[in-house]
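Work through the aromatic contacts of the structure shown below. Each exercise has a task and a stepwise solution.

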Amino acid sequence: MKIDQRRLTGSGDLTDAYKTFEEARSLIASRFLEFRTVEEVAAAAGVSSVYLSRLFKRFSGSGAYRFLLRLRMNYAAELLLEHQLKVRAVAAKLDYADAFQFSRAFKRVYGVPPSKLRAVSQSD
């Protein structure tokens, strides 16, 4: 009976959880250049990293780190294509230890290394 009652009245937990998810998502979207890890995002949002990851999986279908990485790599692609920055400069701007580490992360997201991005975009 309790389960049916919660289903009918709507759970306050769901709306609170969704509100927290939206606040964290907005926080990442506005400050993605500052954050490197989910732990940093969670600390800024005032929740644990485990809880943040669960919220993202629940409401978006993928993890918080994946969302953060996607935003960072979209920005990197913009710098490479529109501003014609070199891979090394973009890696430094995004605070990667070196260009190789940045290239690996970029390739995981886009499937091509950043050095090949211009060639792929110019052939379209």
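**Exercise 1: a pair in helix 7**

Phe106 and Tyr110 sit four residues apart, about one turn, in helix 7 (residues 99–110). Helices are DSSP runs of H or I with at least four residues, numbered from the N terminus. The model is predicted: local features need pLDDT of at least 70, side-chain atom pairs count only at pLDDT 80 or more, and totals for chains, interfaces and linings use all residues. Residues are numbered from 1 along each chain as its sequence is written, and side-chain values use heavy atoms, without hydrogens and water.

Task: classify the ring pair of Phe106 and Tyr110 as stacked, tilted or edge-to-face.

Step 1. Rings of Phe, Tyr and Trp (its six-membered ring) pair if their centres lie within 6.5 Å; planes under 30 degrees apart are stacked, over 60 edge-to-face, the rest tilted.
Step 2. The centres of Phe106 and Tyr110 are 4.8 Å apart and the planes at 40 degrees, so this pair is tilted.

**Exercise 2: burial**

Task: is Phe106 buried or exposed?

Step 1. Buried means under 20% relative accessible area, exposed over 50%, partly exposed in between (1.4 Å probe, protein chains only).
Step 2. Phe106 has 0% relative accessibility, so it is buried.
Step 3. Tyr110, at 30%, is partly exposed.

**Exercise 3: a charge over a ring**

Task: which ring lies under the charged end of Arg70?

Step 1. A charge sits over a ring if NZ of Lys or CZ of Arg is within 6 Å of the ring centre and within 35 degrees of the ring normal.
Step 2. The ring is that of Tyr110, with the charged end of Arg70 5.8 Å from its centre.

Notes:
Helices (H or I, at least four residues) and strands (E, at least two) are DSSP runs, numbered from the N terminus.
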